Amino acid sequence: MKVCVVGTGYVGLTTGVSLAFLGHEVTCLDLDQAKVDMLRAGRCPIYEPGMEELLAEAAPNLTFTTSYEDAVPGSDVVFVAVQTPSAEDGSPDLRYLRSAAESVAQALDHDFTVVVNKSTVPIGSGNWVDAILRDSFVQRAEKNGEFAVASNPEFLREGNAIADTLYPDRIVIGSDNPRSLEVLNRLYRPIINQTFTPPTFLPRPEDVNAVPLVSTDLASAELIKYAANAFLALKISYANEIGQLAAKVGADITEVARGMGLDQRIGSRFLQSGVGWGGSCFGKDTKALIATAAEYNLEMPIVQAARDVNQRQRAIAVERLQDELRILKGRKIGLLGLAFKPNTDDLRDAPALDIANSLLARGARVKLHDPVATERFRVEQPELAAYLTETIDELFADCDAVVLVTEWAQYLELDWSKFVGLMRTPVVLDGRHVLDAERMRRLGYRYLAVAR
C-alpha cells in the first residue's frame, strides 16, 4: 500500500520506517529541511536503539520530503503524527494538527484515502479533523477522490519503540466508516498475523504469534489511548505513595512491589518506586484527560492525585538530601541521568530538570551527566548547560552527594568502589531503587533512597 506519514518525531518516524520495512511504499513528510536531509542520509535525528539499522533495511521503500504535494497524492493511508503540546489550561494545543489537516486536504486526490490521527488528540478530535478536511477540500477548484478519518493511537515506549511497533500488545483502530477499518486492517495484516521476516537485529519474541486487533468507533479509540496512559501513570504514582508509607513503617518498597506484582491481577510492570514518571505522554495525557472531563462538568480526582503524587516525588528527593546534609547552600550535588528514562535522549518533563532547578534555588551547586542526552540538553536547556560534566569522574569529584536519577545501564555497571574516594562526603541517593543498598554501604557510601 502507499502510505504518507506527516511528522517525523518518535511516533511518526517509527511508524513510517516500520511500515516501509514491512513492504509498504512510505513517504515521510516533515517541514524541517535539516531533519529531512539527515534522514535522507540515513541518520536518525532522535536517539532510539535500532532506528538507524531499521532505516537501512527499509530504505528501498522509504522517501523523505518537505512537500505535501509530493507525499499525499495517491496515498491509501495518511498518518498525521504531529506534536500536540499542552496549552495553558491543560488541553492539547491543536494548531499543528489543524495546519497538517488543512495541508493534507489540499493535496488529496486518491480514489479513497484514510486520514489517520496518530497524534494523541482529545476525544472528539476525529470529528474535528474530518470537518477541517472537508472545509478545506471543498474549497479546492479540482476535487478528486474520497476520504475518511480514523484513529490509530500509538502505545510506544521510547527506547523500545521498534519492538512495540512490530510486536505490539495490541493494535487499536477506530473509525465510523467501515471502509476505513478495512483499509487499516489490510495495512497492519503482516503485524497482526506476524507473517513478516523480523529485522536482523530484533528477532521475534517466542511468545508472539499473533497480535490482537481492537476495531472500534472513533471516540472509543481516542479514549482508549488516554485511559491506558492515565492508568499506567496511576500505577506508578500508587507505588510511590505506598513507598512513602513503607519508609515510615520500616518496610522495603522493592519487596512490597515484588509481592504485589506477583499477583496476576496486578502485574509487576510500572510498580517501580522512585522519583516519578516523566516524558511526553503521561503528564500531557493525564492533564488532557482532566481538561476533557471538565468540558463535561466532570472531575477526575484519581487522575489528579496521580499527578500530585508524581510531582511530590521530585520534591521528596531534594528533601532527602537536605535531611542528610542539613544545609544545601554551597553543597556540590551530582545528578546521574538527565533523560526522563534510559535508552532515549528525550528531556520532556524529565525529573532531573526539576531536581536540578530545585537544588539551585536552594543555593546548591549542581553537576550533571548523561551518556546520551547531553547534546539535546545543551540545545533545550541552555541555562543549565554550564553544569554539564564530560566524564563521570568529573561529576563525582569533590561532591557532597550524588543522585542516581535515570537508571542507565552504564550507571548500574559502574565500578562504584573507585568513586567513593573522590567525593567530599560519600552520599548516594538512589532515585530509582536499583542499586544494592548493602553493597553500597560496604563500599563506604551513605546510601539513601526516595522511599527508604
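**Close-up views of a predicted model**

View 1. E154 is buried, its relative accessible area being 7% (buried means under 20% relative accessible area, exposed over 50%, partly exposed in between, with a 1.4 Å probe and protein chains only). This is a predicted model, in which local features need pLDDT of at least 70 and side-chain atom pairs count only at pLDDT 80 or more, while totals for chains, interfaces and linings use all residues. Residues are numbered from 1 along each chain as its sequence is written, and side-chain values use heavy atoms, with hydrogens and water left out. The loop that holds E154 runs between β6 (147–151) and α7 (helices, H or I of at least four residues, and strands, E of at least two, are DSSP runs numbered from the N terminus). The E154 side chain reaches the backbone nitrogen of L156 at 2.9 Å. Leaving aside neighbours within four places in sequence, E154 is in contact with V11, K118, T120, K225 and C281 (contact means heavy atoms within 4.5 Å).

**View 2. S75 between α4 and β4.** S75 sits in the loop that links α4 (68–71) to β4 (77–80). S75 counts as buried because its relative accessibility is 0%. Its side chain reaches the backbone oxygen of V72 at 2.9 Å. Not counting residues up to four places away in sequence, S75 touches K2, V3, C4, H110, F112 and T113.

**View 3. The buried side of helix α3.** Helix α3 covers residues 51–58, and M51, L54, L55 and A58 in it are buried. They lie on the same side of α3, because they cover an arc of only 105 degrees around the axis (the arc is that of the directions from the helix axis to the C-beta atoms). The buried residues of α3 pack against α1 (10–21), α2 (33–40), β3 (62–65) and α7 (161–166).

View 4. Just after α2 comes G42, which takes a positive phi of about 85 degrees.

**View 5. D354 in helix α14.** D354 belongs to helix α14 (residues 351–361) and is partly exposed, with a relative accessible area of 30%. Q311 and R314 are touched by D354, not counting residues up to four places away in sequence. The side chains of D354 and Q311 are joined by a polar contact of 3.1 Å (a polar contact is a pair of N or O atoms within 3.5 Å; within protein, one must be able to donate a hydrogen and the other to accept it, and residues adjacent in sequence count only if both atoms are side-chain atoms). From C-alpha to C-alpha, D354 and A107 are 43 Å apart in space, and they are 247 residues apart in sequence.

**View 6. L335 and the nonpolar cores.** The largest nonpolar core has 55 residues, and those with the most contacts inside it are I333, L335, L359, L368, F396, W416 and Y445 (a nonpolar core is a set of buried Ala, Val, Leu, Ile, Met, Phe, Trp, Tyr and Cys residues joined through side-chain atoms within 4.5 Å). Apart from it lies another core, of 44 residues, which includes L13, V17, L19 and F79. Not counting residues up to four places away in sequence, L335 touches A352, I355, A356, L359, K367, L368, H369, L395, V403 and V405.
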